[in-house]
Amino acid sequence: MKEPQRERGGEGGNVGSMTGNYQSWIPKILRKRVCTTFVEDSFSNGALCQCGGVREVHDSVATADVFGAAIVTQWDSRQHSSECPTDAYGELEFAGAGRKHSHFLRLSCDTSPQIVYTLMTTHWGLPLPNLVVSVVGGEGHEKIKTWVRDVLRNGLVRAAQSTGAWILTGGLREGVARCVGEAVRDHGAAAPAISKNKVIAVGLAPWGLVHNRQQLVNAQGSFPARYYVQNTTRDSYCLDNNCQAFLLVDDGSVGRRGGETAFRGSLEDYISHQLTGIRGSGSIEIPVLCMLISGEAKMLERLDVSLRKATPWLVLAGSGPAADFISDLLDNLSSVSFSTSSPPAEGEAAEGLSAELRDKVRDKVQRYFPAAAELEKLVDSALSIYQNREFITVFHGEKEGSDDFDKVLLKALVRASKRVSSEALKYTEELKLAVAWNRVDIVKTELFNGDLQWKYDELEDSMTDALINNKPQFVRLFCENGLNILDYLTYRRLESLYCSLSDSSLAYILLQRRLSERQGLAGSLPNLHGAETAPPKSPQSALTGPTSAMELNLYEVSRLLWDLLGDVCQPFYYGPLGLNPSTSTRKALKQVNKMLQGECMYQDQRCLSPWAALFIWAVLQNRREMAIYFWEMAGESVLSALGGCKMLRELSKLESETETQLAMKELAQTFENLAHDVFGECYQSNESRSFTLLIRKSPVWGRATCLQMAIAADARLFFSHDGVQSLLSQIWWGDMERSTEVWKLVVTFFLPPLIYTDLISFRAQEEEDVEVHHGRDADSLDGNDATIFSLADIVQNEEEAEELRALKENLKDSLPSDSKRSFIVSRWEQFWFSPVTSFLGNVLMYFLFLYLFAYVLLVDFKPPPPDGPSTLEFVLYFWVFTFVCDEIRQTFFVGSTFVLQRMRNYIQDVWNKCDLTAIVLFILALCCRMFPWSYDVGRAVMAIDFMVFTLRLIHIFAVHKQLGPKIIIVGKMMKDVFFFLFFLAVWLLAYGVANQALLYSYDPRPDWIFRRVFYRPYLHIFGQIPIDEMDADKLKEINCTNNAALIEAGEEPCMSTYSNWLVVVLLVIYLLFTNIVLVNLLIAMFSHTFSKVQEHSDTYWKFQRYHLIKEYHSRPCLAPPFIIISHLHLFIKRCYRQIPSAKSKHFALELGGKKASCLNTWEAIQKENLLSAQNKRQRESDTVRIKCTSVKVDSVLKQMAEIRDHDRRLRLVETELEYCCSALSWITDALSQSNLIKADHLPSAPQRSDSTVSKLTS
């Protein structure tokens, strides 16, 4: 089905229609500029235009007036150039670079930045940025200082990787742009593969300045265009192959700089108004920071224009003229009293300022830019820059170093944000930036260090941002520092979280299918007639949540969870929606649509189980870390882990992408391991409570139990736990001791009075007198109302034991004396109602049934009526009828509340299919044997049916500890047999047809053709080779003919001896491949399957053992054919007396109030113990120790570097002191020799003792 289209952040207008072919719509929307008017350049003697192009390429020439002076003296891009469809776009391949292709585009300087940004993010596939750093300055062949290179390499690029930033550069192999490209390249070579895509370098270069740009021109697009770079060891105007994308801005000029400046500024401004996160779901706009390195005088105008748009700047002091000028301007000028609430307009910067300040600025401009023209214009720009100094951060990289450069960027952006926001929100802005960059380390050290007290309102938006954009560390941090999840997660916000799912995620696609179903029904309702279809999802709707009946809500989530979990759980979120779990789907759809048309009161309610709801939300998106954290916080750890395992395995079956499917399976196995480990802790702590944990109904998970969820999730490892098997054994043996020998059961089965002896041991009488359901009927023959678990099984402390004793006394007083069970009846029920006794009776009676079946089939199978059937055959018919009744009971009276779901669950079982096959064959044989014309057919079908009934014994013996695993291995090997038969059939067909064609030239008899083509070659494998019919030397004389008419009449055709040698060769080849190759292949496959399954066969058997125990736990105690009595009794109780069965929901225990709370607390404690032990083992692992050692070594190296720096500075001070001393000595000597000062003697230097010297040196 076609999913509805949705908008992305930043799309709109014509941009939203860009869904066609990439090559087709680019020239229609994007343009280039071509100079159309020749304006003479006076320095070229009329050969060149002021655009840089020659006269021949221009369409017209600027005219002169009657006095001979040119009307046009200054070339302007807007007036003297025109736009036409771009002819350079596509992918760029750098010859010899050996890296993936880069995207490039030639565009006009007037192009809308919205179109370009959408092209980059949607069609080029660049990841949405969390930060944009625009590196400006350092153009041309200017030499870059060493410390600046270090800042770019170890500071900027590393910060860009950690924040997911874009770096905008000049895009050419010159100056700072080349240094940035090399830093990105080195990072890509050293960083792991998972982080390479996070550093995106985008080059913005003037088209007319690019070397070899004609290699990029292709009106149809280049995919790719081969680009040759010359002289890569020196600076040049070639494109830098370290950029992922190039925007080649065309203003119509050739060989001139500055054409891209205006477009670059507009692109920076447009990006700064887009929201971060998936589809703009973040809580802040994308931060844009301009980084000034060096620069010339014209950079002041660029800086001034950008500051007027409130764009923050980071200036690297000491890197070059413009940067040094800005640093000196901000450091040395005194504060000026003028309003900074809004940027001043052009021409107003100098008004109201003192002449003294203007003179100071003029002096600085002349000192830093001595050759600059238009001095007063530069002074005005400098004063305007000074007025907006709050947006400028000066970084003294030569002194501060490149460490923690990302914190410098963060502080620069926060400083700028304080100008446009209130002072009280400065920490909130810093928090939002850190969340957008996913820098939890900065937040921990700067914001959540205990100095600040955060309020709920301050963390709410950041929490939503962290949830939507998958940042689990921030979620954990917020929940630990003041965010109350109960107040945060309302049903409205939960719906908004589901609305924020990624378009490509499987969960979103499934939710949209359910939404389409409800929309289709809503469109057919009268009160919804004319309703619009679901609007496209936008960031705004994702934050505010659904507001109409046409948008996603909790009902679609409930339907999706029902599809994934099946009938294990009752429908989720039906309570808030006001729906009854037993309501049909169509009726529920109508009720939901009717409710959504009005005011949805439920949306403002708090989510009853917020951690479980967030856990399900994270699992549906396959978010590993976040799902595990929510599981840690949620209650009912074992059941939650099994529920996550079930959902993930169901989703993996629907996922089409292999990588995502494997990730889902891996996460599902992780949750199964967690459930196994937590239950192991519980079992070691308290065996009785762990049993209660397995069978307790959960109100959070739709009244499901751990056993039900585990069987639905195919959690074989969980079932293999000793605690689960111990519970199953307890259920299997009922009230009898699990150590009872089988022979005692058999003897007691045939001699029932032995029940009242000490031959079989039963559990203590105290456990039997305090059953939960004390009203079990004495005349219950089917055992369906027998209760295995008693209150003693869930006693948890002495206080509850006191309550139990009080309950026992009340029961004894309230029950009449005639309803008290005697010892005889009680012991009788304890034996016959146990599943193991029911199993033993069914096995013995089934053997008797097979004996009766075989006897009737071989000895007493009478002719059709009126001579037959015999009496024993009628008994056999009745016996099979009781089988049919029991299958009906299993289909319609066991399991889910929905009949169709019960039938579906029944038919999915392999052995139920075997039962149905046996019953259908028996009915067919019964019908056929009643008529003389089909008597033999009925007998044959009856014989086949006996085989099917006999094979049913395999399932019965699956409960055996030694036979069960071997049966599983045989079942796995059957799959190998099918592959073997496929290859064998190919060889049989090939050899059989060739053999028949060579031996007999003409034989049209179909039965003989089938015999010789398939049957005879099959027997060759087992050594039955009729040599006398194949070898001409040993051919016997028989009556045969070559006459076609006689052969068609039935005569035996003669064998052809012409190619007899070829028949023998084919026989040898056939036997070689079948007996040696294929048979040994089958043996190898069997060996591989056996070795693979053998180590897990015990796990598989324990898992399948549950089904057998569950089946016989639900069965009546009487075996066929006497089971008909229990069926009649069950029918009367259910249909007439309306008495519900205590076993209708298997292994389920209702707990409420204090008992449920105590059990949840105890389970949470065991989970915390497990997590603490795992964390301890992880901390003590070699990997963590090596990592800690590495951090310590890095710290020591950093300190050593600081010490070396201090030592270098001390040496510089000593050198300067020595120079000062020498100068003073010279001055002293000069003065002493002159007549200016006369002194008897020079003052002597102070004498220092050794102790003083040692103190100073130390």
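Buried means under 20% relative accessible area, exposed over 50%, and partly exposed in between. Y877 has 12% relative accessibility, so Y877 counts as buried. The model discussed here is predicted.

## Aromatic pairs

Y877 has a ring partner, F874. Their ring centres are 5.9 Å apart and their planes stand at 80 degrees, so the pair is edge-to-face. Both residues sit in helix α37, which covers residues 871–892. They are three residues apart there, a separation of about one helical turn. F874 has a relative accessibility of 47% and counts as partly exposed. Y877, in contrast, is buried.

The pair belongs to a wider group. Ring pairs link Y846, F849, F853, F874, Y877, W879, F883, F922, F946 and F949 into a cluster.

How many aromatic pairs does the count give? The count comes to 52 aromatic pairs. Among them are F718 and F719, an edge-to-face pair with 6.4 Å from centre to centre and 85 degrees between the planes. F718 is buried at 0% relative accessibility. F719 is buried too, with a relative accessible area of 0%.

## Charges over rings

Rings also meet charged side chains. R1012 lies over the face of Y1000, 3.9 Å from the ring centre. K1167 lies over the face of W631, at 5.8 Å from the ring centre.

## A nonpolar surface patch

Which residues form the nonpolar patch on the surface? The patch is made of L848, Y851, Y855, L858, V859, L872 and V875. Together they have about 700 Å² of accessible area. Two elements give two or more residues each: α36 (835–858) and α37. The largest share, four residues, comes from α36. V859 lies in the loop between α36 and α37. Is V859 buried or exposed? V859 has a relative accessible area of 57%, so V859 is exposed.

## Salt bridges

Side chains of opposite charge can pair when their charged atoms come close. A search of the whole structure finds 47 salt bridges. The table lists some of them.

| E182 | R149 | 3.9 Å |

Take E182 and R149, which meet at 3.9 Å. E182 lies in helix α5 (residues 175–190) and R149 in helix α4 (residues 146–163), so the bridge ties together parts that are 33 residues apart in sequence. E182 is buried, with a relative accessible area of 15%. R149 is partly exposed at 36%.

R476 is partly exposed, with a relative accessible area of 33%.

E1150 is partly exposed, at 45% relative accessible area. R703 is partly exposed as well, at 32%.

Some bridges share partners. Such bridges join R358, D359, R362, E376 and D380 into one network.

## The disulfide

The count comes to one disulfide. It joins C1040 to C1054, with 2.1 Å from S to S. The link is right-handed, with 95 degrees about the S-S bond. C1040 lies in the loop between α43 (1006–1020) and α44 (1044–1049), while C1054 lies in the loop between α44 and α45 (1060–1114), so the link ties together parts that are 14 residues apart in sequence.

The two cysteines have their own accessibility values. C1040 is partly exposed, with a relative accessible area of 33%. C1054 is buried, at 16% relative accessibility.

Further cysteines are buried. C499 has a relative accessible area of 10% and is buried. C645 is buried with a value of 0%.

Notes. Residues are numbered from 1 along each chain as its sequence is written. This is a predicted model: local features need pLDDT of at least 70, side-chain atom pairs count only at pLDDT 80 or more; totals for chains, interfaces and linings use all residues. Side-chain values use heavy atoms; hydrogens and water are left out. A disulfide is a pair of cysteine sulfur atoms within 2.5 Å. Buried means under 20% relative accessible area, exposed over 50%, partly exposed in between (1.4 Å probe, protein chains only). Rings of Phe, Tyr and Trp (its six-membered ring) pair if their centres lie within 6.5 Å; planes under 30 degrees apart count as stacked, over 60 as edge-to-face and the rest as tilted. A charge sits over a ring if NZ of Lys or CZ of Arg is within 6 Å of the ring centre and within 35 degrees of the ring normal. Patches are made of residues with over 30% relative accessible area and no salt bridge: like charges are joined within 9 Å, nonpolar side chains (Val, Leu, Ile, Met, Phe, Trp, Tyr) within 5 Å. Accessible areas come from the Shrake-Rupley method with a 1.4 Å probe; for residues, only the protein chains shown count as cover. A salt bridge is a side-chain nitrogen of Lys or Arg within 4 Å of a carboxyl oxygen of Asp or Glu.
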